[in-house]
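Student: Could we go through the aromatic ring pairs in this one together?
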Amino acid sequence: MTQVKICCISSIQEAKMAIENGANILGLVGPMPSGPGIISNEQIAEIAQSVPTHIYTWLLTSETSAEKIIAHYNLVNTNAIQIVDKLKKDEYQKIKDTLPGIKLIQVLHVLDESTIDEARRIAKYVDYILLDSGNPKGDIKILGGTGNVHNWEISKKVVNSVEVPVFLAGGLNGKNVVAAIGKVQPFGVDLCSGVRTENRLDHIKLKSFFQNIRTM
């Protein structure tokens with residue numbers, strides 16, 4: 001079955017709810033210039049420590065150097081790092097050398113077809129690529145959590161152009177996720193606002209989402 005990451009987890013209670021409904025991966029959002037779900041490093045560490053060992057926890061970090069990303073990771077001890085901004089290519093190896101066994105996920109924001117070439121360049125340095133709908137070029141960087149759908153045609157081309165697994169994010173919810181998976185054929189999907197009401201994880205939306213996924 002398609003892997004499911006529920007992002008913007010804000011408490012141990014939300015983590016339990018997501019896992020009980022079927023989430024494989026929890027997204028834990030560190031300091032960001034914008035977007036939902038930001039919690040303290042102490043909260044991230046507490047949630048990561050509380051979940052079963054078979055559940056993956058991804059730290060979302062907006063740091064842009066290996067040194068700062070490693071320092072951020074050491075505060076929380078998740079089992080993967082989702083990098084939401086751009087890094088220089090040699091920074092990835094520095095992280096891998098210091099944190100062997102910790103998976104690296106690079107977010108790419110689908111703005112136009114240049115994302116396809118960018119994905120090809122980045123794929124050799126990371127374990128996963130995650131396609132989202134932000135705008136890292138704005139005056140205030142928007143690095144995810146927009147609730148907006150991007151061009152799935154481009155996302156599909158990325159999936160077909162790289163050898164690493166690809167996650168699809170950006171405006172997904174229980175109503176459109178089946179179409180999204182059918183179109184893009186991603187390894188996994190990533191949701192935040194699509195399963196929330198007033199910034200809180202919504203049990204009804206979450207249950208409906210997983211019911212739709214299981215019909216595929």
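Tutor: What follows is a short talk about ring pairs and their surroundings. This is a predicted model, in which local features need pLDDT of at least 70, side-chain atom pairs count only at pLDDT 80 or more, and totals for chains, interfaces and linings use all residues. Residues are numbered from 1 along each chain as its sequence is written, and side-chain values use heavy atoms, with hydrogens and water left out.

Student: OK, how many aromatic pairs does a search of the whole structure find?
Tutor: The search finds 7, where rings of Phe, Tyr and Trp (its six-membered ring) pair if their centres lie within 6.5 Å, and planes under 30 degrees apart count as stacked, over 60 as edge-to-face and the rest as tilted. One of them is the tilted pair of tryptophan 58 and tyrosine 128, with 6.0 Å centre to centre and 35 degrees between the planes.

Student: And where in the chain do tryptophan 58 and tyrosine 128 sit?
Tutor: Tryptophan 58 is in strand 3 (residues 56–61) and tyrosine 128 in strand 6 (residues 128–132), so the pair links parts 70 residues apart; strands here are DSSP runs of E with at least two residues, and helices are runs of H or I with at least four, numbered from the N terminus.

Student: Is tryptophan 58 buried or exposed?
Tutor: Tryptophan 58 is buried at 2% relative accessibility, since buried means under 20% relative accessible area, exposed over 50% and partly exposed in between (1.4 Å probe, protein chains only). Tyrosine 128 is also buried, at 19%.

Student: Switching topic, which rings are linked into a cluster?
Tutor: Ring pairs join Trp58, Tyr128, Phe167 and Phe187.
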